[in-house]
Amino acid sequence: MNTRLAPTLCGLAAAGLLSAGQAVADDPVELTMYYPIAVGGALTDVIDGLVADFQADHPNISVNAIYAGNYDDTRVRAMSAIEAGDAPQLSVLFSIDLFDLIEQDAIVAFDDLIETDEEREWLDSFYPGLMENGQLDGQTYGIPFQRSTIVLYWNKEAFEAAGLDPETPPENWEEMAEMAAAVREASGGDQWGVMVPSTGYPYWMFQAFAFQNGHRLMSEDGTEVFFDDPASIEALEYWVSLTQEHEAMPDGTIEWGTLRQNFIEQATAMMWHTTGNLTAVRNEASFDFGVAMLPMNTQRGSPTGGGNFYIFNDTTEDEQRAAMTFIRWMTDPERAAAWSIETGYMGVSPAAYETEALRDYVETFPPAAVARDQLEHGTAELSTYQGGRVRRALDNAIQAALTGQMSPEEALNQAQAEAEAALRRYARSR
Amino acid sequence: MLIHNADRRMQIYGALLLLPAAVLLGTFAYLPTVSTLVNSLFLPGFRGSPPEFVGLENYALLIEDRTFWRVARNNLVYALGTIPTSIALALGMALFVNARLPGRGFVRMAYFTPTILPMIAAANIWMFFYAPQIGLFNKILGTLGLSGVNWLGDPSVALGSVIVMTIWKEAGFFMIFYLAALQSIPPELKEASDLEGTGRWSFFWRVTFPLLMPTTLFVLINALINAVRVVDHLFILTKGGPNNATNLLLYYVYENAFSFFDRTYAATITVVILLVLAVVATVKFTILDRRTHYQ
């Protein structure tokens with residue numbers, strides 16, 4: 001009897017030891033993450049699904065993913081939680097929040113967290129163009145997740161009805177204005193030619209115009225802006241001329257949130273919008289549409305946009321490591337590919353486009369690759385210290401010009417002055 | 001000696017009864033007020049460094065801040081646009097649904113529905129009402145052969161559009177108070193005036209309206225608070241644009257605190273708002289209260 005019991009006891013003891021050892025090594029970690037959604041579609045379901053899959057793969061890490069509105073709302077949620085001493089471990093926030101988050105001393109650099117070569121490789125696996133807004137002084141703070149560029153959506157049926165070639169989108173500014181005016185005329189005023197949103201993120205759209213005119217609006221170190229440059233003024237003049245001269249775009253500002261619906265209901269033949277809306281447009285449009293890179297003037301161009309993962313300090317080392325495990329899992333090529341297909345956002349790494357899923361998808365639905373191809377002509381999104389104030393100054397100027405309250409030159413001069421004042425105030429507190 | 005003891009016990013008893021309210025008020029009203037006042041004298045610190053004391057510099061900045069004055073003016077227009085109209089509408093609706101009419105319960109519910117909707121949901125609905133090409137209002141105008149208006153995108157009408165939505169949202173809420181007050185007016189007054197042969201109009205002005213004064217005052221204060229407190233639907237409808245045309249005080253505070261990360265300037269604006277509200281409260285206690293007849 002003894003001889004039979006002994007091995008059993010040994011086994012039990014071993015099992016006990018084992019489980020005790022595991023408990024020490026893999027204490028369950030609980031992570032809280034806030035994330036924004038700025039496009040259409042039921043993306044919270046997609047995120048919930050991803051999180052559930054992750055937890056199945058990593059039973060010792062539980063992730064509490066909280067949808068927190070648009071980018072601004074999410075930043076507020078995260079920052080208020082930090083202020084209240086209940087900091088989330090990680091969040092998806094605006095890629096351009098970088099300077100502000102650093103100013104608030106809220107985030108940690110991934111360079112301080114990675115330990116192995118494999119992790120270093122992962123950090124280097126993303127498109128460099130998407131890393132630009134997440135890096136400062138050679139350190140990486142933001143990992144690309146829901147990233148986009150602005151693309152041109154066009155309604156092929158409307159083009160055909162206006163006697164234009166439905167397969168040829170406008171190549172440059174002049175063509176876009178002409179085509180838009182042609183659609184407007186052919187429809188007898190029922191349909192607008194083009195809409196560029198001017199609420200929500202006007203500075204983003206304007207940055208595209210300016211960059212297409214060969215001009216970058218800010219210095220790389222985030223301490224200077226160049227809003228009143230002649231190339232910048234010319235860009236805004238072109239935007240305004242779409243309404244006033246070509247009569248191809250409606251008066252006043254155009255709402256970011258309802259623009260997709262305008263396109264889907266064929267109220268406009270073309271729209272500029274984030275590629276993040278692509279899948280929603282595809283699901284809802286009852287007509288044939290195309291997606292193209294934005295038209296050029298002296299060069300092609302679009303700023304990148306969207307959200308990055310950040311890891312916050314004020315959290316334990318274990319939590320930060322677990323947060324990085326989660327981020328690595330979420331940005332894995334297979335997942336990035338699935339996310340891109342579900343939304344229209346870019347696959348964030350070249351490897352994502354080499355997965356079978358995304359390769360097949362791009363083959364059957366070529367518009368899915370436009371944002372990536374445009375990355376070659378991409379530029380960083382407007383991001384400076386005092387970013388909120390600086391962007392707001394520019395937003396106001398753009399809206400003042402579009403609504404006819406000021407000339408583009410007057411408006412941009414004022415924005416430059418306001419932005420400089422904000423940056424001076426910042427320089428003092430530094 | 002015995003009496004003295006009992007007296008003391010009563011005092012302690014009274015103090016204990018006051019304690020919860022005092023703690024709540026202190027924590028949520030006085031403490032934040034004082035810390036806001038203190039914060040407004042500093043510049044925000046950079047990268048965790050301590051804030052720098054600058055005295056009244058933030059106030060000097062405020063006086064030169066054109067956006068602040070714009071926003072203050074907007075808020076005044078907004079208050080004047082929403083308060084009288086929504087109160088008058090509320091009173092009208094209450095009188096209407098207080099009368100004997102078929103389907104009274106249904107009409108009351110219909111009037112109250114906007115109040116139940118969360119502001120964010122309501123604003124999302126209205127955003128699509130206002131949308132220039134595809135929205136309800138312009139579709140209606142279109143069937144009448146009129147070209148539409150860019151309700152939220154044209155600076156000359158945007159604030160008006162926000163005001164209209166607020167009235168729609170608030171009137172039903174205030175109606176409830178008026179309805180309750182109307183039902184507490186003794187029916188004998190009506191019977192007596194009928195005997196006297198008083199007309200409906202003069203009965204309203206001489207009897208009903210004065211008796212409703214406490215409610216009117218209550219509703220007025222609420223409407224005023226709402227006019228200063230409004231922030232949520234601006235997130236959805238306009239974000240304060242175009243070019244600050246619909247930016248209001250609290251939204252500007254929010255922007256400064258959370259979009260611009262400038263807590264100290266946000267505190268400065270808050271102090272100014274508090275001062276204005278203090279003046280309003282004084283007027284209420286010294287003048288309006290004395291002229292109001294409470295039952």
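Me: How many helices and strands are there in chain B?

Reply: This is a predicted model, so read every value as a property of the prediction. Chain B has 13 helices and two strands.

Me: What does the radius of gyration of chain B say beside that of a compact globule?

Reply: Set the value against the globule rule. A compact globule of 295 residues would come out near 19 Å, whereas chain B has 24 Å. Then look at the principal axes. The C-alpha trace of chain B spans about 85 × 75 × 30 Å.

Me: What share of chain B is buried?

Reply: Buried residues account for 40% of the 295 in chain B. The accessible surface of the chain is about 16,500 Å², and carbon and sulfur atoms supply 71% of that area.

Me: Where does UniProt place the transmembrane regions of chain B?

Reply: Take the annotation, then check it against the model. The unreviewed UniProt entry gives residues 12-31, 76-97, 109-129, 157-182, 203-225 and 265-287 of chain B. Residues 203-225 are 96% helix and 0% strand, with end C-alpha atoms 31 Å apart. Residues 265-287 are 100% helix and 0% strand, and their end C-alpha atoms lie 33 Å apart.

Me: Which residues of chain B does UniProt list for the domain "ABC transmembrane type-1"?

Reply: The unreviewed entry lists residues 72-284. In the model that stretch is 78% helix and 0% strand. Its end C-alpha atoms are 21 Å apart.

Me: Now the backbone. Is the peptide bond from B:Gly241 to B:Pro242 cis or trans?

Reply: Most peptide bonds are trans, and most residues other than glycine have a negative phi. The bond from B:Gly241 to B:Pro242 is cis, with omega near -10°. B:Pro242 sits in the loop between helix H11 (232-237) and helix H12 (249-259). B:Asn243 lies in the loop between H11 and H12 of chain B, and its phi is positive, near 45°.

Me: Is B:Asn243 buried or exposed?

Reply: Apply the cut-off: buried means under 20% relative accessible area. B:Asn243 has 12%, so it is buried.

Me: What is phi of A:Asp137?

Reply: About 50°, a positive value although A:Asp137 is not a glycine. The residue is in the loop between strand E4 (135-136) and strand E5 (139-140) of chain A. Exposed means over 50%. A:Asp137 has a relative accessible area of 73%, so it is exposed.

Key:
Residues are numbered from 1 along each chain as its sequence is written. Chains are lettered from A and ligands numbered from 1 in the order in which they are written. This is a predicted model: local features need pLDDT of at least 70, side-chain atom pairs count only at pLDDT 80 or more; totals for chains, interfaces and linings use all residues. Side-chain values use heavy atoms; hydrogens and water are left out. Helices (H or I, at least four residues) and strands (E, at least two) are DSSP runs, numbered from the N terminus. The radius of gyration is taken over C-alpha atoms; the globule rule is 2.2 Å times the number of residues to the power 0.38. Buried means under 20% relative accessible area, exposed over 50%, partly exposed in between (1.4 Å probe, protein chains only). Accessible areas come from the Shrake-Rupley method with a 1.4 Å probe; for residues, only the protein chains shown count as cover. UniProt positions are given in the numbering used here, feature names are shortened, and annotations may be inferred rather than shown by experiment.
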